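Thanks for coming. I will take a few minutes on one structure, starting with the ligand and then moving to the charged pairs.

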Amino acid sequence: MKATKIYLVFICVSILGLISCDQKKEQKIESVIIVQPKIILDLLDLQKKNKLGKDTLVTVNNDPVYHKTKKYQAVNAVNIIKREIDLSKIDVKNTVIIFECIDGYKPEMPLELFLQAKPYLAFKDADAPKDSNWERIIKNGNEMNADPFYLVYTSSIATTNQEYKWPYNVIKFQLVSKNINNALEPKNDEKATKGFVLYQKYCITCHAINGIGGEMGPELNYPKNVTEYWKETELVDYIVNPASFRHKVKMPTLGITKQQSQEIVDYLKYMSEHKKKI
Ligand code: HEC
């Protein structure tokens, strides 16, 4: 009799143990879902390990950065990804590829488009002067070069369609689930959603909200949302034309209207109520 009682108690304790263990497991899985869909390929590291693949010479007509026909020493960018990642295990349709650049600029495009775009990762410009890997790029009066990598395409559609990105100074590829960007999408708020669409198009490459987005400019929501320390009318004007407020700003004039800027500010105000500690 006594033995069965002890046995029963033992079973109860075990069941309790199982339940609490399960709960712990669930918590863990939740945090994994947020972090896991991000895969990072460090291109300089792969280059050091000779894992970028075979070089080829590619010709790019109407290169959008140099504004002329160019030739580059390059490697096939899709093959780099295919060698490192088993794409059959990834939900390609719901993934974006983010190109991380030295200065924190992070443009992105749908992974599906990237995979069929025949992109090349250029590491040397065939017309470069002897002392450099690249012909100089002149942007806003500043001289720069494309080191270490410049992403190019040989098809003409890639030079005209804005969805194709041509970043230079690229150091990493990130594959990120679209759900991560969805975390910044307003729920049931039409006004804020309008601003969110503009924010994604014009701002996210350089600014983060709740830690998601580029790092060339400052985070706009956490710990203080910009609408909490800027006067609203001035913020709207600043976003339209930053140079009218600050001498030598790095933030470009993006060609958006005052109304669009107001919509973006409405979105930023919405996000001030949805801060997430990063
Ligand atoms: C090419 C990168 C780039 C893009 C695109 C960009 N910004 Fe900026 N932004 C910056 C940088 C860099 C700064 C820091 C100030 C400076 O040097 O210009 C800045 C500063 C700001 C500030 C001032 C923050 C503060 O408190 O001082 C705001 C607000 C801002 N950006 C909003 C936006 C919005 C909204 C968009 C989209 C419409 C946008 N930015 C697009 C790079 C960018």
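**Ligand shell and salt bridges**

Sorted by residue class, the shell around the ligand holds 17 nonpolar, three polar and two charged residues. Before I go on, please keep in mind that this is a predicted model.

The shell counts 22 residues in total, and the closest are Cys203, Cys206, His207, Arg246 and Met251. Which helix gives the largest share of the shell? That is helix H8, residues 232-240, with three residues.

Now the polar contacts to the ligand. Arg246, already named among the closest residues, has a polar side-chain atom 3.0 Å from an oxygen atom of the ligand. Tyr229 also places a polar side-chain atom 3.0 Å from a ligand oxygen. With Met251 the backbone is involved: one of its N or O atoms lies 2.9 Å from an oxygen atom of the ligand.

On to the charged pairs. Side chains of opposite charge can pair when their charged atoms come close. How many salt bridges does a search of the whole structure find? The number is 13, and I will go through three of them.

Take Lys70 and Asp125, which form a salt bridge with the closest N and O atoms 2.8 Å apart.

Lys70 has another partner, Glu135, and here the closest N and O atoms are 2.4 Å apart.

The last pair is Lys194 with Glu263, whose side chains meet in a salt bridge at 3.7 Å, N to O. Because Lys194 belongs to helix H7 (residues 190-202) and Glu263 to helix H9 (residues 258-272), the pair ties together parts 69 residues apart in sequence. Glu263 is buried, with a relative accessible area of 13%.

Finally, the network: salt bridges with shared partners join Lys68, Lys70, Asp125, Asp127 and Glu135. Both partners of Lys70 that I described, Asp125 and Glu135, belong to that network.

Conventions
Residues are numbered from 1 along each chain as its sequence is written. This is a predicted model: local features need pLDDT of at least 70, side-chain atom pairs count only at pLDDT 80 or more; totals for chains, interfaces and linings use all residues. Side-chain values use heavy atoms; hydrogens and water are left out. A residue is near a molecule or strand if one of its heavy atoms lies within 4 Å of it. A polar contact is a pair of N or O atoms within 3.5 Å; within protein, one must be able to donate a hydrogen and the other to accept it, and residues adjacent in sequence count only if both atoms are side-chain atoms. Helices (H or I, at least four residues) and strands (E, at least two) are DSSP runs, numbered from the N terminus. Ala, Val, Leu, Ile, Met, Phe, Trp, Tyr, Cys and Pro count as nonpolar, Asp, Glu, Lys and Arg as charged, and the others, Gly among them, as polar. A salt bridge is a side-chain nitrogen of Lys or Arg within 4 Å of a carboxyl oxygen of Asp or Glu. Buried means under 20% relative accessible area, exposed over 50%, partly exposed in between (1.4 Å probe, protein chains only).
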